[in-house]
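Colleague: I am new to this model. Please take me through it in short steps.

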Amino acid sequence: MKLSQFRFKLPEEQVALYPPHREFVNEDGTKERVYSRDQSRLMVVHRKRQTIDMHKKDADGHDTNEFITFRNLVDYFDEGDTFVFNDTKVFPARLYGTKEKTDAKIEVFLLRELNEEQRLWDVLVEPARKIRIGNKLFFENDGPMVAEVIDNTTSRGRTLRFLYDCEHEEFKRELFSLGEAPLPRYIIDRRPAEPDDMVNFQTFFARNEGAVTAPATGLHFSRELMKMMEIRGYEFAYLTVHCGLGCFDPIEVEDLTKHKMGSEQVIIPETCCEQVNRAKRDGHHICVVGVTTARATESAVGTDGLLKPFDGWTNKFIFPPYKFGLADSMIANFYHPESTMIMLTAAFGGYDIIMEAYQLAVDNGYMFGCYGDALLILDD
């Protein structure tokens, strides 16, 4: 397929800058938001029937004027159906420092720790043209956190050695205390990160630290919703994909077969495989939550259609046409034009029906991006 086949006009006002919320004005004039992560809209695609649902039904099965919300997810599955979640944990990866002598403000985006003992980190810096090997960066005006640039890795990439003498756990606590939620550029360019983002940009079931962006579809799930799902007999299986920034890399080739996807670390434990494979053998639905989860399971599914344990990295790039080997349903967000995420979604649901769903989403004011609305694809 071609890149241009995933191009559409997305109005700027339909890029969600916050999760679903209600806003109140206090007596002193300050504003306060109450967030409800499971109250986003949910569009439902039936890929075999080639139909799309946006509205709730009345007792006679006719559409009402009320939109389906994410909490209505419980109405589309049966006891024993299994949801596969990504339990990665986002860390506060975006820091701001100053360059020695010039005091120029520098954004430092932490990617991953390279060496605990030497305090080495792989990072991105902005503006990169100002940062050279040997430069020192200071974090906090009078604080002790200092980093030295010891290598160039890419045009924006650098290796930093943090000059901070203490136990490793104390160092990480201090380092992370200086950071903020690593919101995508399309949000941070429109408004600054806020303290609430470190909660909102994290799934409540996050356990394994290592992601520099959130598995966005998992953000829709609240404790209350998952308790409802548990009561109905739905099963939950967990794997780990430490989400990187590769999904945001612009595709610069028209021929999608020539695009190289960034790698992400994937850990699929035996317990996850046993649970998913048992459900599949028993004839239950397997629903992958998010494109990172779908990419991970497709990197580890066998020719027998069963999930295998996996501990490594994947750069699997999925776009139509593609036959999925494990899941028969998927939940996704509404993604930006020409993104790798919309391509995987179209591969799962079918290009024509997914692009029709996206046009309906634009026309009906659905919100896009990590804080936006959701899409459920069913195999019926």
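**Loops, helices and cores**

Colleague: Is Glu338 buried or partly exposed, and what is its relative accessible area?
Modeller: Buried means under 20% relative accessible area, exposed means over 50%, and partly exposed lies in between, with a 1.4 Å probe and protein chains only. Glu338 therefore counts as partly exposed, and its relative accessible area is 24%.

Colleague: What should I know about the model itself?
Modeller: It is predicted: local features need pLDDT of at least 70, side-chain atom pairs count only at pLDDT 80 or more, and totals for chains, interfaces and linings use all residues. Residues are numbered from 1 along each chain as its sequence is written, and side-chain values use heavy atoms, leaving out hydrogens and water.

Colleague: What is the phi of Glu338?
Modeller: Most residues other than glycine have a negative phi. Glu338 sits in the loop between S20 and H7; helices (H or I, at least four residues) and strands (E, at least two) are DSSP runs, numbered from the N terminus. Glu338 is not a glycine, yet its phi is positive, at about 65 degrees.

Colleague: Which loop holds Gln50?
Modeller: Gln50 also has a positive phi, near 60 degrees, without being a glycine. Its relative accessible area is 43%, so Gln50 is partly exposed. Its place is the loop between strand S3 (42-46) and strand S4 (51-53).

Colleague: What is omega for the peptide bond joining Pro320 and Pro321?
Modeller: Most peptide bonds are trans. Pro321 lies in the loop between strand S19 (310-314) and strand S20 (329-333). The bond joining Pro320 and Pro321 is cis, with omega about -10 degrees.

Colleague: At what angle do H7 and H8 cross?
Modeller: Axes are lines fitted to C-alpha atoms, for helices over the stretch in contact, and angles run from 0 to 180 degrees between N-to-C directions. The axes of H7 (residues 340-349) and H8 (residues 351-363) come within 7 Å. Under 35 degrees is roughly parallel, over 145 roughly antiparallel, 65 to 115 roughly perpendicular, and the rest oblique. H7 and H8 are therefore oblique, crossing at roughly 125 degrees.

Colleague: Which residues of H8 meet H7?
Modeller: Contact means heavy atoms within 4.5 Å. From H7 come Ile342, Thr345, Ala346 and Gly349. They meet H8 at Tyr351, Ile353, Ile354, Met355 and Tyr358.

Colleague: How many residues of H6 are buried?
Modeller: Helix H6 spans residues 291-300 and is mostly covered. Among its buried residues are Val291, Arg295 and Glu298.

Colleague: Which residues of H7 make the contact with H6?
Modeller: The axes of H6 and H7 come within 10 Å and cross at roughly 65 degrees. Val291, Ala294 and Arg295 take part from H6. From H7 the contact uses Thr340, Met341, Leu344 and Thr345.

Colleague: Which residues touch the most other members of the largest nonpolar core?
Modeller: A nonpolar core is a set of buried Ala, Val, Leu, Ile, Met, Phe, Trp, Tyr and Cys residues joined through side-chain atoms within 4.5 Å. The largest has 75 residues. Those touching the most other members are Met43 and Met343.

Colleague: How many residues are in the second, separate core?
Modeller: This second core includes Ala104, Ile131, Met145 and Leu175. Its residues number 27.
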